Amino acid sequence: MRDEILRILSSYDQEEVRIGTIGSHSALNILKGAKEEGFETVCICRERERFVYESFGVADHIIQVDDYRELLDEAIQRKLIELNTVLIPHGSYNAYIGSLYNLKVPVFGNRVLMEWETVREKQREWLERAGLKLPRTYSSPDEIDGLVIVKYPGARGGKGYFIARDRDDFYRKAGKLVRRGIISEEDVDSAHIQQYVLGVPVYFSFFYSVVNGRIELIAIDRRYESNVDGISRIPAEEQLEAGIIPTYTVVGNIPLVVRESLLSRILRDGQRVYEYSKRIAEPGMVGPFCLESIIDENGEIYYFEISARIVAGSTVGIPASPYSYVLFGENMYMGRRIAREIRIGIEKDMLGEMIF
């Protein structure tokens, strides 16, 4: 498969390479960054989102589709290849398309690792074998012996998550979600039950540079989640009377600067995740990835998720975060960092080392 993709890449006019992505998730970040590095851009979007990318003026070429899964259609792929497009994957590729193995258009990054991201058990294996600290997991509601967070397959952006304190509390709250149509009866048995670590959710956006051979910390953010963040405004007594179940649907992201004493551990953990990624799928991580964590009152960092591509939270770093500015001494954010790597890769004849 990769041989065919590299053959297609070799047919590209290197002076006319364009950067493209699906018009969703972090597309503004990606497309603006590409334009700042001198690339024309391609946006694959539906009619209802087209106005966004036209309004912000970040899309030089728009390919309109009815459904994002049309990205796999032969005609759409042929058009993207004719435009010399390198695609940048983000969270909507997982949500709407799934596996990228049928995509012949060159993709920046490692497709195997993006596949690992979609399976919680594989994520946990990756993080554990990299030597990171993780919350405890429970194989059954019967094992719950303290506060846990319950997650279900397909609970996008936190919808369907809930907190439980024991077996009975688990089934009572799961039943409420079933009655509300948020999860199904079948979902109840496939719950991912994890120790609830009390602390601050912190998300580290890294970039592995093939050109520089190094890990770069580009930005840090935390999520604003509804209704769990809004509940804090309601007195506890009223929360109980109303029977409110906290939900974790992400509505936005907030930039964050951590205590400098934490940075050595954060950077070390990013390096460990990269090193283990080479054992999963050579050559390992390429480009952006994100480690999602909770930091408790003692400064302990517990990791619960990894994203093997750009995350929406990196957008808080436009035009620069404190970390990217210290590193580069100029405006730099994830979308632009991706585009710069591609530009230098073209100049140094290394672009093929970034496409997997």
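This is a predicted model: local features need pLDDT of at least 70, side-chain atom pairs count only at pLDDT 80 or more; totals for chains, interfaces and linings use all residues.

In which strand does Phe-304 lie? Phe-304 belongs to strand β13, residues 301–307.

Is Phe-304 buried or exposed? Its relative accessibility is 17%, and the cut-off for buried is under 20%, so Phe-304 counts as buried. Apart from neighbours within four places in sequence, Phe-304 is in contact with Gln-123, Leu-127, Pro-135, Lys-151, Gln-194, Tyr-203, Glu-292, Ser-293 and Ile-294. As for distance, Phe-304 and Tyr-161 are separated by 143 residues in sequence and by 14 Å between their C-alpha atoms.

One of the contacts of Phe-304 is Glu-292, and I turn to that residue next. Glu-292 sits in strand β12, residues 287–295. Glu-292 has a relative accessible area of 1% and is therefore buried. Which side chain makes a polar contact with the side chain of Glu-292? The partner is the side chain of Arg-223, at 3.4 Å. Beyond four places in sequence, the contacts of Glu-292 include Val-202, Tyr-203 and Arg-223, together with Tyr-302, Tyr-303, Phe-304, Glu-305 and Ser-307.

Let us move to strand β2, residues 41–45, where five of five residues are buried. Thr-41, Cys-43 and Cys-45 point one way from β2, while Val-42 and Ile-44 point the other way. Strand β1, residues 18–22, runs parallel to β2 and is joined to it by four bridges; within this pairing, Thr-21 has Cys-43 as its bridge partner. Between β1 and β2 the chain passes through helix α2, residues 27–36, in a right-handed β-α-β crossover. How many bridges join β2 to strand β3? There are four, and β2 and β3, the latter spanning residues 61–64, run parallel. Here Cys-45 stands opposite Gln-64. With helix α3, residues 47–56, β2 and β3 form a right-handed β-α-β unit.

Finally, helix α8. This helix covers residues 167–179, and its 13 residues reach 19 Å from first C-alpha to last, close to the expected 18 Å. At its start, a side-chain oxygen of Asp-166 comes to within 3.3 Å of the backbone nitrogen of Asp-168. The buried residues of α8 are Asp-169, Phe-170, Lys-173, Ala-174, Gly-175, Leu-177 and Val-178. What covers them? The cover includes strands β6 (148–151), β7 (162–164) and β8 (192–195), as well as helix α9 (185–188). After α8 comes Gly-181, with a positive phi near 80 degrees.

Thank you for your attention.

Notes: Residues are numbered from 1 along each chain as its sequence is written. Side-chain values use heavy atoms; hydrogens and water are left out. Helices (H or I, at least four residues) and strands (E, at least two) are DSSP runs, numbered from the N terminus. Buried means under 20% relative accessible area, exposed over 50%, partly exposed in between (1.4 Å probe, protein chains only). A polar contact is a pair of N or O atoms within 3.5 Å; within protein, one must be able to donate a hydrogen and the other to accept it, and residues adjacent in sequence count only if both atoms are side-chain atoms. Contact means heavy atoms within 4.5 Å. The expected span of a helix is 1.5 Å times one less than its number of residues. Two strands pair if DSSP finds at least two bridges between them. A crossover is right-handed if, with the strands pointing away from the viewer, the path from the first strand over the helix to the second runs clockwise.
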